Amino acid sequence: MTLPRHFGPFGGRYVPEMLVPALDELEAAFLAARQDPAFNKSFDELLRHYCGRPTPLYPAHNLTRHLNGCHIFLKLESLNHTGAHKITNALGQALLALRMGKTRLIAETGAGQHGLATATVAARCGLGCTVFMGEVDVARQYPNVFAMRLLGAEVVAVADGTRTLKDAVNAALKEWVQHLPSTHYVLGSALGPHPYPTIVREFQSVIGREVASQLQTLTGRKPDHLVACVGGGSNSIGLFAPFLDDREIRLYGAEAGGRGPAPGEHAARLQGRPTTGIVQGYKSYFLQDEHGQIQGTHSISAGLDYAGIGPELAWHFQQGRIQFSAISDDEALAAYQLLARLEGIIPALESAHAVALAARLAPRLPKDDLMVVNISGRGDKDLFITARALDEARWRAFLHSEVHRDQ
Amino acid sequence: MTNKLDTVLQTAPRPIQLMTHVVAGYPDWETCSALVQTMARSGVRLLEVQLPFTDPLADGPTITAANQAALDAGVRPEDALKWMGEMAAALPEVAFLVMTYANIPYAMGLSRFVDACCRAGAQGIILPDLPLDEPEGTYAEEARRQGLHPILVISPDTPAARLDFLLPQASGMIYTTLKVGITGASKDLAPASLAYLETLRRRTQLPVAAGFGISQPEHVAALRGRAEVAVVGSHILGLVTRGDISAVEDFLRACTSL
Ligand SMILES: Cc1ncc(COP(=O)(O)O)c(C=O)c1O
């Protein structure tokens, strides 16, 4: 048995031959693990007792009242161990790595959340760990860099290309192909060559399953609207997956609109006239020039700062099943503050894009409708970005005093 | 019309041919042209021209940096093919092969790309991240129709069942890596790599090109009798990056005279 390799015309396995056996091995391990009650039991138990699942579904009354539209519920993936949805996938893949007899995990990371999650499960499972992170992201997500090292991981700053998430993926793939027998590559989003997009979706779909049952308990109903931010697409496809077949439920993705629509200023792959490409092992929409060179991107949030999008989301975009909107850096920052002040929840800047989209949509929706917004992560990691953006004078004074403390 | 790659491999004057690699436009057009001339003068008859790409997945640091430098200098796929066409016309004894990553032909349109390669005098196309079992794998048929060889790249970890699928579709030669990894000069050739070539030999009638890691004339000598072609990429590019074009000639002469 094998898993479907394509999502409509997207996805696939566009890799050099030497990666084919490793991807076949991974697919076989995943298929066998899914059927194995022992695997599912240890995964479920670790999700519960280690990661803190189920994460709460929180009725955000203050935000609902403020926006004066539909009811808003927040799925608090931010309350996972390590502060984001990423650990669910990292844990699942670490257990697969153990099954395959691997002794070392490698990962790419943008915001550092996936790297942190991988370093964490590596420590827990007694596996070695190396995390690849673009130089730009090492500089702007330092709290996570420090934590990964504390957990025993090696953090490699990637200086190639745009020095962000895309280049970290390249570096991880290149490291993997040089160490296939010992190493499992824990890809952190629902992208890359088959079977990664499917594996990541399957592990993350626990988000959507919990939402379905929690909302049922709270309201006796199913959701009308689901909102998530979209980097590579793991938290969004995880939330959406169990609801895709129910056409009454509206699905919305928030992409990084950055500083505006000019090339290099955003990571909104599905706005304007999206173009398909074959990059990093899969076919999807990519931000690229007319010659097929991948373009630079910008987002205030490192986790959304990526030129491609998971192939399954590309397919649902083409089918019109999911609606994608661009949220600017400024809108995200405003939503970040709004949620902090109204609900006492500081979201990750990535998740703040979803909040901003919800704030755009909710006021126009019937008051009786139910909307769930995925708070994919918490905002602590963004200190170096948000403190500078929102409170620059005091932040600089603090940094200055730190530097001179011992002099 | 006969393919020049076949001619080179059939009338091989030496027990092993060299295939060298340049990144189009790197470090600049003038040096790149001089480099190709040097290679031809030193006896190279197979020459791989890489069209630079932002995300060269199979390449190590040397070639990745050269791709980036060429892109920074504004090299476009059309420029690279035009330049290659001029080189191919000036050096009729050399078989030129176009190497790049899937997104470049995909963006150009696969048919247009094959046409453009053909017009630029290419004898073959190497696309390491475009497997034949994906829909765009049809480029291989298209290339063959136009008299170009789609060159498949396999590796020592390619399983027997996969070889059964791939080998019947290969043409011109089969390009195998000597290690499972990325491009880059190595100090030694592993004995396992040489043993692997012997087993590959027994599975195919096609000429075998072996590369990834070759950095010394002794490596080339060791491949003699085990492969028809030794591929040297990163090592020479490393010399070019250091600005040492004359060392390229010395190296190639040492390889061909051993
Ligand atoms: C908190 C958070 N949310 C969202 C993302 C975006 O990734 P994805 O689209 O795979 O969920 C990231 C990625 O780093 C993240 O850290």
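**Local backbone and packing features of a predicted model**

A:Arg163 is found in the loop that joins β7 (154-158) to α8 (165-178) of chain A, where helices (H or I, at least four residues) and strands (E, at least two) are DSSP runs numbered from the N terminus. The model is predicted, local features need pLDDT of at least 70, side-chain atom pairs count only at pLDDT 80 or more, and totals for chains, interfaces and linings use all residues. Residues are numbered from 1 along each chain as its sequence is written, chains are lettered from A and ligands numbered from 1 in the order in which they are written, and side-chain values use heavy atoms, with hydrogens and water left out.

Phi of A:Arg163 is near 60 degrees, a positive value in a residue other than glycine. At 34% relative accessibility, A:Arg163 counts as partly exposed; buried means under 20% relative accessible area, exposed over 50%, and partly exposed in between (1.4 Å probe, protein chains only). A:Gln280, also not a glycine, has a positive phi of about 50 degrees. A:Gln280 belongs to the loop between β11 (275-279) and β12 (282-286) of chain A and is buried, with a relative accessible area of 6%.
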